[in-house]
Amino acid sequence: KPGMRVFKSKLLLKTKSDGTKSIRAVVQAFKRMFAQGVDYDEKYAGTARWSTVLILLVLAVFYDYKISLIDIKTFFLYGDLDEKEQIFMERIEGQDLPEGYINKVVGSLYGHPAAAYRAKKKLNHCLTHDGLFKQASNDSCLYILQHETEKFMFGVHVDDLPGCGTPGGLAITLQRLRETFEITVQEEPSVILGVQLERNWKTKQLKLHQGDYVRKMLAEYGMAECKSCRTPLEGSILGKIKQLLADGKLVGPLGREEEHRKFQGSLIWLYKTRPDVFFATGLLSRFNECAGDEQINWHKQILRYLAADPEKGLILAPGDKLFLHASSDSDWGGDAISLKSTSGGLISLGVRAYIVFYSVLQRKLADSSQMAETYAAHQLVRAVLEVRGKLAEMGVNVPLPISLLQDNRGVVKM
């Protein structure tokens with residue numbers, strides 16, 4: 001029809017990490033898509049919060065559950081599109097169609113913006129339609145088996161479902177999923193969502209690291225054989241930023257912004273296991289619009305720090321009792337550009353099993369150190385309440401009161 005928009009198609013060859021290869025038909029509709037002037041409502045893929053995955057791993061260590069990783073094959077193809085989401089696509093290479101004919105895409109297909117959302121919706125219906133599984137209110141991508149004797153809990157990260165529980169609970173979960181999806185299962189996987197796992201059953205500890213990713217990153221930037229250093233940034237970095245600001249050298253663009261943002265994106269992936277680079281990464285993000293040679297030198301410093309111990313990461317060791325304890329801290333007006341303060345926080349489930357950690361610039365401008373510390377404590381309390389809510393939905397009741405550590409006297413008295 002005149003004015004009808006027809007999207008191109010393409011065949012993609014994908015090689016997986018295990019060496020197997022597959023061919024996918026893709027509709028090239030991943031750019032901005034409009035149908036009669038109306039954009040699609042939902043385009044996102046369901047991903048569990050990383051803190052949720054860490055909680056699952058801590059519970060697996062504490063209760064001696066086996067860790068499982070369930071993968072749904074061709075997950076994006078299971079969704080059912082609404083009528084307004086159905087589009088037209090050119091003939092696929094090798095497809096037996098008469099000349100002048102095109103395809104109408106009525107079901108999910110790779111490259112369709114709504115495919116991931118519709119597939120997640122179908123997964124949710126499969127699990128919860130009869131009450132066998134409960135969708136957590138504190139994380140919509142966390143599902144908990146509702147059974148008198150068996151336990152199983154898992155998160156949803158697009159088509160990967162990391163979880164833990166009893167053998168019976170796993171069997172019930174697999175049976176339910178196989179009613180709708182084709183799945184594969186790994187027990188005690190060595191890698192989950194790009195994070196390497198090393199479990200010690202005797203000491204009841206689990207080490208998480210991204211050593212392979214760090215080494216790949218070092219090789220990509222030509223720093224595989226570099227001389228290592230002990231800190232991600234120099235201690236005088238904040239003073240140096242103030243001097244650059246005073247000299248007018250932070251007025252962008254400075255010509256290396258694209259390179260800087262690419263490196264920034266590489267660092268963010270390390271947020272899963274490297275709390276030690278949180279502050280450095282957050283500091284670099286303040287120069288996305290004015291990055292020059294000075295900022296590129298900071299990249300090299302961080303890479304040298306990562307090279308010192310690529311397999312440095314988290315060790316989840318909850319001990320013999322599950323309880324929450326947390327701490328927060330803040331500077332005051334540490335950012336020379338905006339004069340805002342930076343909050344830091346930690347939450348541990350058990351003796352030494354950190355499930356939440358962050359270092360972020362505060363949204364509001366604090367007019368005193370007590371106010372900055374109050375903002376930091378408020379952010380921590382919100383995170384603690386969320387974690388406690390997740391644990392309660394999983395059937396884990398942590399003892400009260402919860403210890404919150406703060407070093408500001410005014411905040412403590414409040």
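Biologist: Which residues form a nonpolar patch on the surface?
Modeller: This is a predicted model. The patch on its surface is made of L11, L13 and I23, which together have about 320 Å² of accessible area.

Biologist: Where does L13 lie?
Modeller: L13 is in strand β2, residues 9-15. It counts as exposed because its relative accessible area is 59%, and the cut-off for exposed is over 50%.

Biologist: Turning to the inside, how many residues does the largest nonpolar core have?
Modeller: That core has 47 residues, and L57, L208, L324, I347 and I355 have the most contacts inside it. Helix α1, residues 50-63, contributes the most, with 11 residues.

Biologist: What does L57 touch?
Modeller: Leaving aside residues up to four places away in sequence, L57 is in contact with I67, I192, L197, L206, L208 and L316. There is also a second, separate core of 26 residues, with I241, L250, L270 and A336 among them.

Biologist: Which residues of α6 are buried?
Modeller: They are E257, H260, F263, Q264, S266 and L267. The cover over these buried residues includes α4 (211-220), α7 (278-284) and α8 (293-308).

Biologist: Now to charges: how many salt bridges does the structure hold?
Modeller: It holds 20 salt bridges. One of them is between R256 and D293, whose closest N and O atoms are 2.8 Å apart. R256 is in the loop between α5 (237-246) and α6, while D293 is in helix α8, so this pair ties together parts that are 37 residues apart in sequence.

Biologist: Is D293 buried or exposed?
Modeller: D293 is exposed, at a relative accessible area of 52%, whereas R256 is partly exposed, at 27%.

Biologist: What about E386: which residue forms a salt bridge with it?
Modeller: E386 pairs with K390, and their closest N and O atoms are 3.1 Å apart. Both lie in helix α9 (residues 369-393), and because they are four residues apart, about one helical turn separates them. K390 is buried, with a relative accessible area of 0%.

Conventions: Residues numbered from 1 in each chain as written. Predicted model: local features only at pLDDT ≥ 70, side-chain atom pairs only at ≥ 80, totals over all residues. Heavy atoms only, no water. Core = buried A, V, L, I, M, F, W, Y, C linked by side-chain atoms within 4.5 Å. Buried < 20%, exposed > 50% of the residue type's maximum accessible area, 1.4 Å probe, protein only. Helix = DSSP H or I, 4+ residues; strand = E, 2+ residues; numbered from the N terminus. Contact = heavy atoms within 4.5 Å. Patch = residues over 30% accessible without salt bridge, like charges linked within 9 Å, V, L, I, M, F, W, Y side chains within 5 Å. Areas by Shrake-Rupley, 256 points an atom, 1.4 Å probe, with all protein chains shown as cover. Salt bridge = Lys/Arg side-chain N within 4 Å of Asp/Glu carboxyl O.
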